[in-house]
Amino acid sequence: MKPRFFVSQQLPEKGFFILKDRDVSHQLKNVLRLRAGERVVLLDNSGYEYECAVSDIKNREAGMEVIERREIGNQGIELALYQSVIKKDKMEWVFQKCTEIGAAKFVPVISAHSVKLGVNLKRSEIIIKEAAEQSGRSKLPVLFDPVSFGNAIEIAKNSGGLNILAHNIGDHVSLKYFCERKDLPLSINLFIGPEGGYSEEEVSLARENDFQIVSLGKRILRAETAAIAASYFLIAQK
Ligand code: SAH
């Protein structure tokens with residue numbers, strides 16, 4: 001696979017242009033050591049990917065030519081992961097792995113039992129970008145600012161997708177059985193709790209708002225395991 005980079009400037013349909021991105025130029029020049037004529041794929045989140053030939057790479061910018069612009073097809077299930085904030089390294093692991101799996105959105109949620117309350121958004125965005133490039137994604141997942149559990153419920157409800165909350169206490173329909181029975185819509189909001197699990201009030205609030213409460217099996221998974229396993233399972237349905 002050709003190296004892929006997300007860039008913040010809008011790319012032209014065809015022809016020559018100057019890529020004004022220091023980090024990518026540095027990668028092309030000093031890490032990949034590309035020469036004139038070699039190709040990379042650039043992505044600007046516009047719904048297209050651009051196969052480009054390098055013409056002249058400097059330290060801070062690079063002359064490039066668009067060889068082919070390709071439309072990015074249907075991405076399958078659009079999964080928004082509402083992950084309760086967990087310890088920094090675990091949260092970042094969830095962002096990285098679920099980007100590889102194909103999540104479209106990450107909404108960090110501050111839950112009653114959250115031990116940690118914040119997320120380093122800048123660092124997390126870099127992790128997400130690198131994981132998206134490495135795994136060959138054409139769209140960058142969107143990372144939201146942390147929201148309270150109550151707000152998260154509202155945001156999910158207003159988004160119009162199917163709302164699912166994973167809870168490990170009590171008897172709930174398994175995610176697998178639920179997916180088999182239901183013709184899944186393309187947009188799904190998945191809620192995964194923090195290390196300490198959801199409070200009963202949170203589960204009640206979700207239920208009152210017509211969320212489907214699901215089990216991921218009889219074992220208690222760590223939050224990050226639950227996020228990755230359930231995300232993969234849902235995305236693999238389409
Ligand atoms: N400390 C809690 C476990 C929390 S697990 C306890 O001992 O009860 C963290 C989160 O992962 C949960 O809130 C839930 O969203 C998800 N999870 C873990 N195992 C699960 C299971 N078997 N079924 C459904 N959700 C699960």
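Which residue lies over the face of Tyr-48? Arg-69 does, at 3.6 Å from the ring centre. A charge is counted as sitting over a ring if NZ of Lys or CZ of Arg is within 6 Å of the ring centre and within 35 degrees of the ring normal.

This is a predicted model, in which local features need pLDDT of at least 70 and side-chain atom pairs count only at pLDDT 80 or more, while totals for chains, interfaces and linings use all residues. Residues are numbered from 1 along each chain as its sequence is written, and side-chain values use heavy atoms, with hydrogens and water left out.

**Aromatic pairs**

Five aromatic pairs are found in a search of the whole structure. Rings of Phe, Tyr and Trp (its six-membered ring) pair if their centres lie within 6.5 Å; planes under 30 degrees apart count as stacked, over 60 as edge-to-face and the rest as tilted. The pair of Phe-95 and Phe-106 is edge-to-face because the ring centres are 5.1 Å apart and the planes stand at 65 degrees. Phe-95 belongs to helix H2 (residues 88–101) and Phe-106 to strand S7 (residues 105–110), so this pair ties together parts that are 11 residues apart in sequence. Helices (H or I, at least four residues) and strands (E, at least two) are DSSP runs, numbered from the N terminus. Both Phe-95 and Phe-106 are buried; buried means under 20% relative accessible area, exposed over 50%, and partly exposed in between (1.4 Å probe, protein chains only).

Phe-149 and Phe-191 also form an edge-to-face pair, 6.1 Å centre to centre with 80 degrees between the planes. This pair links distant parts of the chain, with Phe-149 in helix H4 (residues 149–159) and Phe-191 in strand S12 (residues 187–192), 42 residues apart. Phe-149 and Phe-191 are both buried. They belong to a cluster in which ring pairs link Tyr-82, Phe-149, Phe-191, Tyr-198 and Phe-211.

**Pockets**

A pocket is found on a 1 Å grid over the protein atoms alone, as an open set of points where a 1.4 Å probe fits, with protein on both sides within 12 Å along at least five of seven lines; lining residues have an atom within 4 Å of a point. Grid points are joined across faces, edges and corners, and a volume is the space filled by probe spheres set on the points.

| Pocket | Volume | Lining |
|---|---|---|
| Largest pocket | About 490 Å³ | 24 residues |
| Second largest pocket | About 300 Å³ | 13 residues |

Nearest the centre of the largest pocket lie Asn-168, Ile-220, Leu-221, Arg-222 and Ala-223. Helix H7 (residues 223–235) gives the most to this lining, with three residues. The lining of the largest pocket divides into nine nonpolar, eight polar and seven charged residues. Here Ala, Val, Leu, Ile, Met, Phe, Trp, Tyr, Cys and Pro count as nonpolar, Asp, Glu, Lys and Arg as charged, and the others, Gly among them, as polar.

In the second largest pocket, Phe-5, Gln-27, Lys-129, Glu-130 and Glu-133 lie nearest the centre. Strand S1 (4–6), H1 and helix H3 (121–134) are the elements that give two or more residues to its lining. H3 gives the most, with six residues. Five nonpolar, two polar and six charged residues make up this lining.

**Loop residues with positive phi**

Arg-33, a residue other than glycine, has a positive phi, near 50 degrees. Arg-33 sits in the loop between helix H1 (22–31) and strand S3 (39–43), and counts as exposed because its relative accessibility is 61%. Asp-210 likewise has a positive phi, near 65 degrees. Its place is the loop between helix H6 (200–208) and strand S13 (212–215). At 69% relative accessibility, Asp-210 is also exposed.
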